[in-house]
Amino acid sequence: MAMAFSSIETPGYVGFANLPNQVHRKSVKKGFEFTLMVVGESGLGKSTLVNSLFLTDLYPERIIPDAIEKQKQTVKLEASTVEIEERGVKLRLTVVDTPGFGDAIDNSNSFSAILEYIDEQYERFLRDESGLNRRNIVDNRIHCCFYFISPFGHGLKPLDVEFMKKLHSKVNIVPVIAKADCLTKKEILRLKCRIMQEIESHGIKIYPLPDCDSDEDEDYKEQVKQLKEAVPFAVCGANTLLEVKGKKVRGRLYPWGVVEVENPDHCDFIKLRTMLITHMQDLQEVTQEVHYENYRSDRLAKGIKGKENGIKQERENNVNAQTVANSALSEKDRILQEKEAELARMTEMLAQMQARMQAQH
């Protein structure tokens, strides 16, 4: 019995409209991989914010060092991976933390370990991509970096400027004002304006939220507009559930009231999470098409240069070897000539002696 398909009965219908659903189903089934890096001085609430964002505990066994240990410690990178599943969608989230960043008296080497780590992930991906087992590549490249800015200063510190300038060509930077609950709304607006002016004047490239297509709905356009205006995101994190007006909310309790983490009037936490979730794919695409391609082309160019230098060196070695060989040959010839001259001299002396002896007889 032949099976009847409705698409055959509908004239002028092929079924291409189902393609996005197929791609979506396949992606959902496979799951998503995302790596987030958090950079900033100790005590800015990085770990708390990350745990609040993904409703998980990424650092269950962390031991916080005291002030004396902090002075001695160098920047160590800690990668924590957690599998999150929500409504059948799987996310393999890796958060790379940078404890020790900015804690030393001399922070000139603070970013070398971070830059090395980012390059190592690109190098590993490049190696896997060029290898035999290309199907099962685990993508550990840094897709996004939350850079935490202290709310207690008057803008960016020299360390912030220098670090972001070294980092912006390698990774998507999203600036975040930490512990925003210690500032008033006016202070936050003033600090945001100051930071954006400094980012622009120093030529720092932060992650640009993609523009909306003209056919997008108005609600989405408004959401993107609000997200763009919120940069840098002023946030505070909390994992404690408090009761406010009969409702359970995650927040921080102060003598004057409760700061609700998920209340848009209190901080930009929801906006930051919305930006990360709605633009997760774009962050991955920019990492692949811009930052990784830059690294890859530089790496290949260096490889070709290295090969050319190798060939040049080989040629030089060959020329040197030939010169050495020639000099060895000429030395041999000189010794032979000297010996031949000596032999001729001795033969002549012998002939003279024989002539004298014959004359005497």
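Is Tyr-292 buried or exposed, and what is its relative accessible area? In this predicted model, local features need pLDDT of at least 70 and side-chain atom pairs count only at pLDDT 80 or more, while totals for chains, interfaces and linings use all residues. Residues are numbered from 1 along each chain as its sequence is written, and side-chain values use heavy atoms, with hydrogens and water left out. With a relative accessible area of 0%, Tyr-292 is buried (buried means under 20% relative accessible area, exposed over 50%, partly exposed in between, for a 1.4 Å probe and protein chains only).

Four aromatic pairs occur in the structure; rings of Phe, Tyr and Trp (its six-membered ring) pair if their centres lie within 6.5 Å, and planes under 30 degrees apart count as stacked, over 60 as edge-to-face and the rest as tilted. Tyr-122 and Tyr-292 form a tilted pair, because their ring centres are 6.0 Å apart and their planes stand at 40 degrees. This pair links distant parts of the chain, with Tyr-122 in helix α5 (residues 112-130) and Tyr-292 in helix α10 (residues 280-360), 170 residues apart; helices (H or I) are DSSP runs of at least four residues, numbered from the N terminus. Tyr-122 counts as buried too, at 1% relative accessibility.

Phe-125 and Tyr-292 make an edge-to-face pair, since the centres lie 5.2 Å apart and the planes meet at 85 degrees. Here again helices α5 and α10 are linked, across 167 residues. One aromatic cluster is formed by Tyr-122, Phe-125, Tyr-292 and Tyr-295.

Technical notes
Helix = DSSP H or I, 4+ residues; strand = E, 2+ residues; numbered from the N terminus.
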